Each structure stands twice: as structure tokens, then as C-alpha cells.
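Take a look at the protein chain shown here. How is it put together, from its overall form down to a single side chain?

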Amino acid sequence: MLPRQIRDFALDALNDSPVLLINGARQTGKSTLAQSLRPGIRYLTLDNPAVLAAAHADPFGFIAGLDGPVCLDEVQRALEIFLAIKAEVDKQRTPGRFLLTGSANVLLLPKMADSLAGRMEVLELWPLAQCEIAQQPASLIDELFAGHFANSYPFERNDFITRLLAGGYPEALSRRSGRRREAWFDSYLATILQRDVRDLAQIDGLTELPKLMQVLAARSGGLFNVAELSRTSGIPQTTLKRYLTLLETLFLIRLVPAWSSHLGKRLQKSPKLFVSDYGLMAHLQGLSETSLQAEHGLPGNLVEAFVHAELAKHQTWAEQRTALMHYRTTTGMEVDFVLENRRGELLGIEVKAATTVVTKDFNGLRHLRETIPKQFKRGILLYTGEQVVRFDEQLIAVPVSMLWSTDRRHP
């Protein structure tokens with residue numbers, strides 16, 4: 001098991017919160033992490049038909065019959081147990097009493113009986129970040145806000161292609177060939193669409209959802225437009241909205257909201273949509289090492305999805321709590337990502353799948369700085385070169401390889 005960066009946060013939560021829920025997509029390592037937090041803890045999974053039947057039949061009796069600390073896996077399959085957990089916690093608020101995992105965002109599910117507000121801490125576990133794969137602890141968000149950069153970061157194009165195609169799911173990373181990885185992604189999607197979608201919504205999405213996922217992969221990083229997606233996919237808007245909510249609940253897609261201010265109508269308010277794992281996105285697009293190596297450049301939307309996923313992962317353990325957004329005006333001026341901390345400071349991040357940068361590549365970041373000069377902390381342009389280049393005191397071109405560099409030394 002590769003060390004996970006949120007582990008210490010999870011241990012802290014177990015020491016002072018009655019309930020800890022580790023949420024994330026299937027096959028991100030939730031069960032492995034949960035059992036490692038409390039070796040020897042009683043472990044029950046609701047994927048077990050007998051356990052699930054008991055939880056459905058008498059949720060209060062089921063929970064009351066569990067003595068001592070317990071780990072309940074895949075809790076989204078029996079949401080009625082949350083009221084029973086609340087009753088037990090209110091009787092005795094013992095820290096670390098319930099350790100839960102869920103492969104669907106239970107807080108988004110309409111059948112959720114109680115959010116356990118004030119009783120439960122929720123942590124998200126994403127697929128592996130590049131620093132976790134390298135077993136090199138890092139806090140990218142904190143480094144970017146602090147302006148900690150080396151003078152250069154080695155970048156090797158074929159290595160980056162391998163990272164883009166592999167994604168972050170531990171099982172996909174363990175596959176030794178592209179063909180075996182493709183088989184895993186196919187099986188992974190089929191399992192989720194056959195079982196999890198049906199369990200959550202009592203619908204059979206096998207005929208439309210695979211095609212929809214391909215459409216979303218092709219548009220990953222673009223503005224979210226339901227009407228356009230409906231026309232492209234041939235799915236009615238009402239049905240499409242339901243499907244998209246399900247895919248978001250299952251952590252397969254993620255919406256990045258637009259940054260907003262007093263500027264009102266001058267800013268685009270539509271969120272951007274991403275397939276959550278860039279390896280899965282590349283698979284859905286039919287990309288391979290051969291096809292990417294044959295191209296002169298790299299797909300911009302795939303590189304942007306890579307950066308999005310890494311930022312989202314690092315958000316879960318950074319010391320600075322931040323919101324991840326994007327910036328776009330109605331006239332088309334844009335910045336791929338905006339990070340805002342709790343002091344209101346903004347960090348603009350632009351992504352370019354190019355080996356060189358020129359001054360006009362910073363136009364979006366300059367516009368953001370001119371719009372909110374007091375909040376603007378720094379503008380970073382991530383590119384596929386090797387040198388850190390400062391265009392002025394606040395605008396810096398940084399190699400995207402910073403995201404996986406094992407050298408965290410700074411000049």
C-alpha cells in the first residue's frame with residue numbers, strides 16, 4: 001500500500017470525532033486505508049449481501065448490535081443506517097466509534113436521512129496523486145501560495161505521456177501494459193454502470209451512460225452546457241441532468257465553479273466539467289502511447305485535466321483551505337484555474353501543453369490581476385518545458401513536472 005497523504009488527517013479525526021467518513025470513487029483505496037488506520041478493527045462491508053440485508057431490515061438494531069469501534073464499508077448502499085448511527089452517537093460520543101467509507105457522495109443523495117452534522121467528519125480520497133506515486137510527500141497548494149519553486153524541473157515527454165495515460169487508480173497503475181490497463185478501465189466502468197448506478201437510482205443506464213461518458217471525456221475542461229450536451233448525446237435534458245448528477249455523485253465527473261465577484265454580468269457563470277481521473281479520460285478518448293508519441297504536441301484538454309486532478313487531490317491535505325474555481329469573462333478572457341484561500345487571496349493557474357511560453361500566454365492572468373489587484377497573489381503558467389521563468393514579480397512560468405518532482409529544494 002502506497003502511503004496516502006490524508007492519513008494523518010484521518011487519524012486526527014478519529015481521535016476527536018465520533019464518526020469519520022472517507023468518501024471517494026471505487027478502487028481509490030478507501031477500504032485499505034480505513035483498515036490500516038485501526039488495525040484489528042471490526043470490519044463489515046455492505047457489499048456483503050447478508051450484512052446489507054441486516055442493515056436494511058432493522059437499521060437501528062443492526063447498529064445497536066455493533067460493540068466497540070467498527071468500520072462500515074460502502075455505506076451508500078444503506079443510507080437508513082445514518083439515523084441509527086446518530087442515535088448511537090448521541091447516547092455516547094466516543095471518538096472514533098464509527099469509521100465509514102462510501103463510493104458515492106452520500107451528502108448529495110436525496111435519500112440521505114441525516115448528515116450527522118457536528119458528529120461526522122468527511123474526508124475525500126482521490127486516486128493517487130503524483131507525489132503519492134513517487135512516495136514523496138508534498139503540499140503543492142501551500143508551495144504555490146508561498147512561491148516556493150526550484151530553478152528548474154526535469155521534464156521528459158514520454159514519461160509525461162505514461163503518467164497521463166495511467167491515471168491515478170492504484171489498480172490501473174499496476175497494469176504492466178496499455179492493453180491490460182484498457183481492460184481494467186473497461187471493466188471498471190462496466191461495474192459502476194451496471195451496479196452502482198442501478199443501486200442508487202433504480203435505472204438501467206447501460207445503453208446511454210457509456211456513450212455519455214465518451215461525450216464528456218471529449219468535452220472535459222470545457223464549459224458545462226446542458227443544452228449542447230443534450231443535442232450531442234441525444235439524451236433529453238431532464239434525463240441528462242439526472243445522469244450527470246449520478247456521475248458526479250459517483251465521483252466520475254467533477255464540476256469546477258466559476259469565480260465570481262461584484263463584476264456581475266461581465267463574468268461567465270457556467271462551471272467547467274472534468275472527468276475526474278485523467279487516465280480514464282484518455283481511455284475514453286481512445287488515446288494510447290503510440291498515438292500521443294506520434295503527435296507533435298500533447299492534447300491540451302488532457303494536460304488541463306491532469307492539473308485539475310492534482311490540484312483537487314492536494315486540496316484535501318493542504319494546510320491552506322482553498323476553493324478551486326475558474327475565471328472567464330463574457331468576452332472570452334480566461335484563466336484555467338483560480339485558487340482562493342480563506343484570506344481572500346487568489347492564485348491564478350494557466351495550463352499550456354507547450355514547451356515554450358511567450359508574454360501573450362499570460363494575458364488571462366494579467367486580466368485577472370487588473371480586475372482584482374488587491375486579492376491577486378500570484379499567477380502561474382504551467383508548461384511542458386524545464387526552466388522556471390519569471391516574467392515579473394507575480395507572473396511565473398513553471399514546468400508542469402513540478403507536480404511530480406522528487407526534488408522539493410528551493411533556492
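This report goes from the whole chain to a sheet, then to one residue, and ends with a pair of helices.

**The whole chain**

The model is predicted. Its secondary structure comes to 17 helices and 13 strands. The radius of gyration is 22 Å, close to the 22 Å that the globule rule gives for 411 residues, so the chain is as compact as a globular protein of that length. Along the principal axes, the C-alpha atoms fill a box of roughly 65 × 50 × 45 Å. Of the 411 residues, 53% count as buried. Now take the contacts between residues at least 6 apart in sequence. Of these, 71% join residues at least 24 apart.

**The sheet and its helices**

Six strands form an open sheet. Their order is β8-β9-β10-β11-β13-β12, and the pairing is mixed. Which strands lie at the edges? They are β8 (322-328) and β12 (389-390), and each pairs on one side only. β8 pairs with β9 (residues 334-341) in the antiparallel sense, over six bridges. Ala323 stands opposite Glu340 of β9.

| Helix | Residues | Strands touched | Direction |
|---|---|---|---|
| α16 | 300-315 | β8, β9, β10 (346-351), β11 (376-383) | about 5° with β9 |

Leu311 is found in helix α16. Is Leu311 buried or exposed? Its relative accessible area is 1%. Buried means under 20%, so Leu311 is buried. What does Leu311 touch, leaving out residues up to four places away in sequence? Its contacts are Leu140, Ile141, Leu144, Leu324, Phe337, Leu339 and Ile349. Leu339 is 28 residues away from Leu311 along the chain, yet their C-alpha atoms are separated by 9.1 Å.

**A crossing pair of helices**

Two packed helices are described by the angle between their axes and the distance between the axes. Here the pair is α11 (residues 209-218) and α13 (residues 237-249). Their axes come within 12 Å and cross at roughly 75°. The two helices are therefore roughly perpendicular to each other. On the α11 side, the contact is made by Leu209, Leu212, Met213 and Leu216. On the α13 side, Leu240, Tyr243, Leu244 and Leu247 take part.

Conventions. Residues numbered from 1 in each chain as written. Predicted model: local features only at pLDDT ≥ 70, side-chain atom pairs only at ≥ 80, totals over all residues. Heavy atoms only, no water. Axes fitted to C-alpha atoms, helices over the stretch in contact; angles between N-to-C directions. Helix = DSSP H or I, 4+ residues; strand = E, 2+ residues; numbered from the N terminus. Parallel < 35°, antiparallel > 145°, perpendicular 65-115°, else oblique. Contact = heavy atoms within 4.5 Å. Pairing = 2+ DSSP bridges. Rg over C-alpha atoms; globule rule 2.2 N^0.38 Å. Buried < 20%, exposed > 50% of the residue type's maximum accessible area, 1.4 Å probe, protein only.
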